Amino acid sequence: MRSFLINGNGLVATPKWEPGCWVNITKPTQEDKEYAIDTLGVPVAFYEDIEDVDERPRVEVEDGWCFILMRIPCKAEEYDTTGPFTTVPLGIIYKDDVFVSVCFHKNDLIPDFIQYTKRKNIKRTDNINFVFRLLLSASIWFLKYLKQINNRTRIAEKELENSIRNEDLQTLLKLEKSLVYFTTSLRGNDILCHRLKNLRSSKEQYDPELVEDVEIESKQALETTNIYSDILSGLMDAYASVISNNLNVVMKRLTTISIVLMMPTLIASFFGMNLEIGTTIFNPMFYIVTVLTILLTGLTTIYFIRKNWF
């Protein structure tokens, strides 16, 4: 799906391409690919690099085209088992009046960024500062998803307190995977920011205050990710021991119950033998056996309670 955005009250949609407009392509179809390559002249190699989900952040200049690839956070697809959140490449390709962004995955960043430009009446004056604004928005979304990860961690902690299921521990493992992706992507974006500052074409164009904001937000997101990752690693080790201990407690209780129930079974077994021991002659013997069974069962239960085995 592609859309065209031009300066207005922020960035507003327009039905067709105009010189200097922003061509935003999300989850592109074959038609979108042909439009970008054949109509706009985007290099095929740049377009295909964006499609690679493992591509690292970088900047390239070739034949007048500038290619910038950053990593942005997004919610994982339903079929994705790596974790609730992941990172995907967002590619920006521009030359003269052509400015194209391509992302092969649905994300919240781009729609929110467009709405933000309308609220703040932000216009696209030049390419390099616009890229820095996208980097800033990416760092902010990293922080938003980190808050959600923290909330999910708290919920998982409550479920793990009395749990013996591996599934509950796997919840923390998936969250830790998401944090690993965040850490790697944030480091790559930070390196990309420094390289953009050192581009010859951007040294006199970029806004120093905007770049400073990008660096601050990126650093904060990276530090927060590292803190949450360390906490999760400690929690996984601790709750692995908790699950093992909970299982031991359950097994101890089951063993204790088995011992308690063994007493009446043992006594009943003696009187179930094919021997004449007087029970058929003296009817009160049945009551004696019953009282003896209850007494021994009660004494065994009291003993285990005092030992805190229940």
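Is strand β3 mostly covered or mostly open, and which strands pair with β3?

Reply: The model is a predicted one, and every value below is computed from it. The protein chain has 310 residues, of which 42% count as buried. Its secondary structure amounts to seven helices and seven strands. In sequence order these elements follow the pattern β-β-β-α-α-β-β-β-β-α-α-α-α-α.

Strand β3 spans residues 22–26 and is mostly covered, with five of its five residues buried. In a regular strand, side chains alternate between the two faces of the sheet. In β3, W22, N24 and T26 lie on one side and V23 and I25 on the other, and all of these residues are buried. Both faces of the strand are therefore covered, since a residue counts as buried when its relative accessible area is under 20%.

The pairing of β3 may be described one partner at a time. Strand β1, residues 2–8, runs antiparallel to β3 and is joined to it by four bridges. Within this pairing, L5 stands opposite W22 of β3. Strand β7, residues 98–103, pairs with β3 in the parallel sense over five bridges. Here S101 of β7 is the bridge partner of N24.

From β1 the account may be carried to a charged contact. Side chains of opposite charge can pair when their charged atoms come close. R2 and E31 meet through their side chains in a salt bridge, at 3.8 Å from N to O. Because R2 belongs to strand β1 and E31 to helix α1 (residues 30–39), the pair ties together parts that are 29 residues apart in sequence. R2 is partly exposed, with a relative accessible area of 26%, whereas E31 is exposed at 54%.

The whole structure contains six salt bridges, and two further examples may be set beside that one. The side chains of R58 and D49 meet at 2.6 Å, N to O. R58 is buried, with a relative accessible area of 14%, while D49 is partly exposed at 22%. These two residues also belong to a network of salt bridges that links D49, E55, R58 and E60. Elsewhere, K197 forms a salt bridge with E215, and their closest N and O atoms are 3.0 Å apart. This pair links distant parts of the chain, with K197 in helix α5 (residues 166–197) and E215 in helix α6, 18 residues apart. K197 is partly exposed at 23% relative accessibility, and E215 is likewise partly exposed at 23%.

Helix α6, residues 208–271, also contains I257. I257 is partly exposed, with a relative accessible area of 39%. Together with L247, V250, M251, L254 and L261, I257 makes a nonpolar surface patch of about 520 Å².

Two loop residues call for a remark on backbone geometry. Most residues other than glycine have a negative phi. N121, in the loop between α3 and α4 (127–160), has a positive phi of about 55 degrees although it is not a glycine. N121 is partly exposed, at 39% relative accessibility. D63 also has a positive phi of about 55 degrees without being a glycine. D63 is found in the loop between β4 (58–62) and β5 (65–75) and is exposed, with a relative accessible area of 65%.

To return to the request: strand β3 is mostly covered, with an antiparallel partner in β1 and a parallel partner in β7.

Note on methods. Residues are numbered from 1 along each chain as its sequence is written. This is a predicted model: local features need pLDDT of at least 70, side-chain atom pairs count only at pLDDT 80 or more; totals for chains, interfaces and linings use all residues. Side-chain values use heavy atoms; hydrogens and water are left out. Buried means under 20% relative accessible area, exposed over 50%, partly exposed in between (1.4 Å probe, protein chains only). Two strands pair if DSSP finds at least two bridges between them. Patches are made of residues with over 30% relative accessible area and no salt bridge: like charges are joined within 9 Å, nonpolar side chains (Val, Leu, Ile, Met, Phe, Trp, Tyr) within 5 Å. Accessible areas come from the Shrake-Rupley method with a 1.4 Å probe; for residues, only the protein chains shown count as cover. A salt bridge is a side-chain nitrogen of Lys or Arg within 4 Å of a carboxyl oxygen of Asp or Glu.
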